[in-house]
Amino acid sequence: AGNLSAPNLAAGTYEAGARFTSVQIGNMVGRKLIEVRYFIFTPAEVCSVKVYGASSASEPGAQLYAADVTNDVQGQQWNTHTLAQPVTLASTDLWICVEFTNAVTQPTVGCDPGPAVQDGDWLHSSADGMWMPLSQRFPVSINWNIRGTVE
């Protein structure tokens, strides 16, 4: 689905993420994640693309990649970040995230119209230090517009 809108989040630091399970990765093991595409509604003060490995079904593991994309982000459109060091897919979970800091309440990372699919709406908030599906934080049912390209 295309971009519908973006949830308004209070000032603070967040990570919007999508978890891709080992089952979803399936026969792509050994291939490389080469870019991350994400929709930005309103650019944040600071923005980074992050990729994590497996930990549990409710939080990511070790950080495999991170890049500050603050100066590259364009609002009201899809943005593409090419990984400086591609991440080789393993037969474990992979989390693709966009971390952002807002000085004011605003919509930042775009979302589809929903309904939410499992692992499509993870949100970490610096306010409580927890990863939770957005649907557990607010009465919405969406998926983040965060995608990975594998070669």
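This is a predicted model: local features need pLDDT of at least 70, side-chain atom pairs count only at pLDDT 80 or more; totals for chains, interfaces and linings use all residues.
**Figure 1. Strand S4 is largely enclosed by the rest of the structure.** S4 spans residues 46-52. Of its 7 residues, 6 are buried, so the strand is largely enclosed. Strand S7, residues 94-102, is joined to S4 by 7 bridges. S4 and S7 run antiparallel. Two residue pairs mark this join. Lys50 stands opposite Cys97 in S7. Cys47 stands opposite Phe100 in S7.

**Figure 2. Strand S7 is mostly covered.** S7 has 9 residues, and 7 of them are buried. Strand S2, residues 12-20, joins S7 through 9 bridges. S2 and S7 run antiparallel. Ala18 sits opposite Ile96 in S7. S7 also has bridges to S4, 7 in number.

**Figure 3. Six strands form an open sheet.** The order is S5-S4-S7-S2-S9-S10, and the pairing is antiparallel. S5 and S10 are the edge strands, and each pairs on one side only. From one strand to the next, the twist averages 20°. Strands of a sheet pair through backbone hydrogen bonds, either parallel or antiparallel.

**Figure 4. Strands S9 and S10 pair over 4 bridges.** S9 covers residues 122-125. S10 covers residues 130-133 and is an edge strand. The pairing of S9 with S10 is antiparallel. Leu123 has Met132 of S10 as its bridge partner.

**Figure 5. His124 is a buried residue of strand S9.** Its relative accessibility is 18%. Buried means under 20%, so His124 falls within the cut-off. The side chain of His124 reaches the backbone oxygen of Gly129 at 3.4 Å. Beyond residues up to four places away in sequence, His124 touches Thr13, Tyr14, Glu15, Gly129, Met130 and Trp131.

Definitions and conventions: Residues are numbered from 1 along each chain as its sequence is written. Side-chain values use heavy atoms; hydrogens and water are left out. Buried means under 20% relative accessible area, exposed over 50%, partly exposed in between (1.4 Å probe, protein chains only). Helices (H or I, at least four residues) and strands (E, at least two) are DSSP runs, numbered from the N terminus. Two strands pair if DSSP finds at least two bridges between them. Axes are lines fitted to C-alpha atoms, for helices over the stretch in contact, and angles run from 0 to 180 degrees between N-to-C directions. A polar contact is a pair of N or O atoms within 3.5 Å; within protein, one must be able to donate a hydrogen and the other to accept it, and residues adjacent in sequence count only if both atoms are side-chain atoms. Contact means heavy atoms within 4.5 Å.
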